[in-house]
Amino acid sequence: MKQTTGISNQDSVVVVTFLNLLLAEEYVLYTKIRTAHWNVNGLNNFEMHVFLENQYNALDEIIDKIAQRIRSLGHFALGSLKDFLSISQMRDNNDNLSNSEQIFEILLKDHETIIKIIQHEIYPISHQFKDIDTADFLTGIIVQQERMTRLIRSFSSHTDLITNNPIHINNNKSVNRQA
């Protein structure tokens, strides 16, 4: 496929190699969030289920946009789990993604890892490889990732309030919230 950008083919190969790595990282994170969504336990199970569904839907859009960007550069996007796992820097450590207390810690760490990976590569992509469009695209992904981390922090502090504060009925009985 012929590329539609003005960067050299050699430079586009380097940029696409990074984009495929990013695609793999996002897909591994997507899989972790999806697994947590399916298996979450705890007092706030329903709220977490819905929250995690929104998170993986947002990542699904990011993944699709990365693949589209790769195609616009004239290359093919990776698509097999084997390929993703072979290049991903994130590892599946068989984390307990059913434990509501650990889920947020794991997901925050992974989102922050992706942000750092992009931040590390955005300058060379823009200046060394002269691909300002991809650098701009990556800036948008950083903004989305930062928004997702902000939402995780906000939601996790909210769920702490739910699980640690019982509901008071008529000021003389308390009931713990359960899913």
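**Entry 1: the whole chain**

I began with contacts (heavy atoms within 4.5 Å): of those in the protein with a separation of 6 or more, 78% are between residues 24 or more positions apart. I noted that this is a predicted model, where local features need pLDDT of at least 70, side-chain atom pairs count only at pLDDT 80 or more, and totals for chains, interfaces and linings use all residues. Residues are numbered from 1 along each chain as its sequence is written, and side-chain values use heavy atoms, with hydrogens and water left out.

Next I looked up the secondary structure and found five helices and two strands. I read the order from the N terminus as α-α-α-α-α-β-β. Helices (H or I, at least four residues) and strands (E, at least two) are DSSP runs, numbered from the N terminus.

The protein has 179 residues, and 41% of them count as buried; buried means under 20% relative accessible area, exposed over 50%, and partly exposed in between (1.4 Å probe, protein chains only).

**Entry 2: a lysine in helix α1**

I stopped at lysine 32, which sits in helix α1 (residues 9-39). Is lysine 32 buried or exposed? I have it as buried, at 5% relative accessibility. Its side chain makes a polar contact of 2.8 Å with the side chain of aspartate 110. For such a contact I need a pair of N or O atoms within 3.5 Å; within protein, one must be able to donate a hydrogen and the other to accept it, and residues adjacent in sequence count only if both atoms are side-chain atoms.

**Entry 3: aromatic rings**

I searched the whole structure and got six aromatic pairs. One of them, tyrosine 27 with tyrosine 30, is tilted, at 5.6 Å centre to centre and 35° between the planes. Rings of Phe, Tyr and Trp (its six-membered ring) pair if their centres lie within 6.5 Å; planes under 30 degrees apart count as stacked, over 60 as edge-to-face and the rest as tilted.

These two tyrosines are three residues apart in helix α1, so about one helical turn separates them. Tyrosine 27 is partly exposed at 27% relative accessibility, whereas tyrosine 30 is buried at 14%.

I then checked phenylalanine 51 and phenylalanine 155: the pair is stacked, because the ring centres are 4.3 Å apart and the planes at 10°. Phenylalanine 51 lies in helix α2 (residues 45-72) and phenylalanine 155 in helix α5 (residues 132-164), so the pair ties together parts 104 residues apart in sequence. I list phenylalanine 51 as buried at 11% relative accessibility, and phenylalanine 155 as buried at 12%.

Last, I noted one aromatic cluster formed by Tyr27, Tyr30, Tyr56 and Phe84.
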